[in-house]
Amino acid sequence: MYIPTEIEKILFSAEQIGERVNALGRELTRDYEGKNPLFLCILKGACVFFADIVRSIDCPLEFGFLRASSYEGTNSSGKVTLDLSAVPDIEGRDVVIVEDIVDTARTLSALKKHLLELNPRSVKVACLLDKPSRRVVEGFSADYTGFVIEDLFVVGYGLDCDQKFRNLPYIGIYKS
Ligand code: IMP
């Protein structure tokens, strides 16, 4: 298995991630059956999680993509940039935002606030990882969470450090 020297330790193996994603998929199938939800992938970090979770959901759904960024290297810049040009009309729709990780929650709270102004029927958040100890936006939590982790910088399974390591099939702790 390819383990770059920058990886200190594997936190979740591909098998552990697969099992957890399938369990989330079963929950989402149960909650969204008959609603034709719109699943929004936050590029680029959530693309691997998105590809897996939508394939573990056994009911009709649609895709949308948007870009959000707030990180520079291993630090949150505090400034959230959103590009929603590839998001279809969400008025009256049940929307599920798919995100890789909730850290300060600045990105998701800004995005959710913006989407709610567009009159969707509902907006929920599915995230693979949650770092609650890093929260800046008090009280923010995802509706569906894969794993809760400590204050660690992690890469792999879509997550990067300066655009690297997104292709690792596992989630590893980055050596800082
Ligand atoms: P927030 O707005 O601070 O919650 O930041 C969320 C975004 O920061 C995520 O979508 C990631 O792109 C990035 N991020 C936060 N923590 C990590 C990490 O441990 N590894 C890689 N990216 C991270």
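A polar contact is a pair of N or O atoms within 3.5 Å; inside the protein, one of them must be able to donate a hydrogen and the other to accept it, and residues adjacent in sequence count only if both atoms are side-chain atoms.

Before going on, a word about the model. This is a predicted model, in which local features need pLDDT of at least 70 and side-chain atom pairs count only at pLDDT 80 or more, while totals for chains, interfaces and linings use all residues. Residues are numbered from 1 along each chain as its sequence is written, and side-chain values use heavy atoms, with hydrogens and water left out.

Glutamine 163 sits in the loop between strand S8 (154–155) and strand S9 (171–174); helices (H or I, at least four residues) and strands (E, at least two) are DSSP runs, numbered from the N terminus. Is this residue buried, exposed or partly exposed? Glutamine 163 is partly exposed, because its relative accessible area is 46% (buried means under 20%, exposed over 50%, and partly exposed in between, with a 1.4 Å probe and protein chains only). Its backbone has a positive phi of about 75°, although glutamine 163 is not a glycine.

The side chains of glutamine 163 and lysine 44 are joined by a polar contact of 3.0 Å. Lysine 44 belongs to the loop between strand S2 (38–43) and helix H2 (47–55), and a cis peptide bond, with omega about 0°, links leucine 43 to lysine 44.

## Around the ligand

Now let us turn to the ligand. Which residues come nearest to the ligand? They are Asp100, Thr104, Ala105, Thr107 and Val154, out of 17 residues around it (a residue is near if one of its heavy atoms lies within 4 Å). This shell divides into eight nonpolar, three polar and six charged residues. Strand S3 (62–72), strand S5 (94–102) and helix H3 (106–116) each supply at least two residues of the shell, and S5 gives the largest share, with four residues.

| Residue | Part of the residue | Distance to a ligand oxygen |
|---|---|---|
| Alanine 105 | polar backbone atom | 2.8 Å |
| Arginine 106 | backbone N or O atom | 3.4 Å |
| Lysine 131 | side-chain N or O atom | 2.9 Å |

The protein covers 92% of the 490 Å² of accessible area that the ligand has on its own (areas come from the Shrake-Rupley method with a 1.4 Å probe).

Alanine 105 lies in the loop between S5 and H3. Its relative accessibility is 4%, so alanine 105 counts as buried. Alanine 105 also has a positive phi of about 75° although it is not a glycine.

Lysine 131 is placed in the loop between strand S6 (122–130) and strand S7 (144–148). Why does lysine 131 count as buried? Because its relative accessibility is 4%. Its side chain joins that of aspartate 103 in a polar contact of 3.3 Å, and a polar atom of the lysine 131 side chain lies 3.0 Å from the backbone oxygen of leucine 152.

In H3, the buried residues include Thr107, Leu108, Leu111 and Leu115. They cover an arc of only 85° around the axis, which means that they are on the same side of H3 (the arc is that of the directions from the helix axis to the C-beta atoms). An α-helix has 3.6 residues a turn, so residues three or four places apart point the same way.

Strand S5 contains aspartate 94, which counts as buried because its relative accessibility is 5%. The side chain of aspartate 94 makes polar contacts with two side chains: that of arginine 121 at 2.8 Å and that of serine 122 at 2.5 Å. Leaving aside residues up to four places away in sequence, aspartate 94 touches Tyr32, Lys35, Pro37, Leu38, Arg121 and Ser122 (contact means heavy atoms within 4.5 Å).

Conventions
Nonpolar A, V, L, I, M, F, W, Y, C, P; charged D, E, K, R; others polar.
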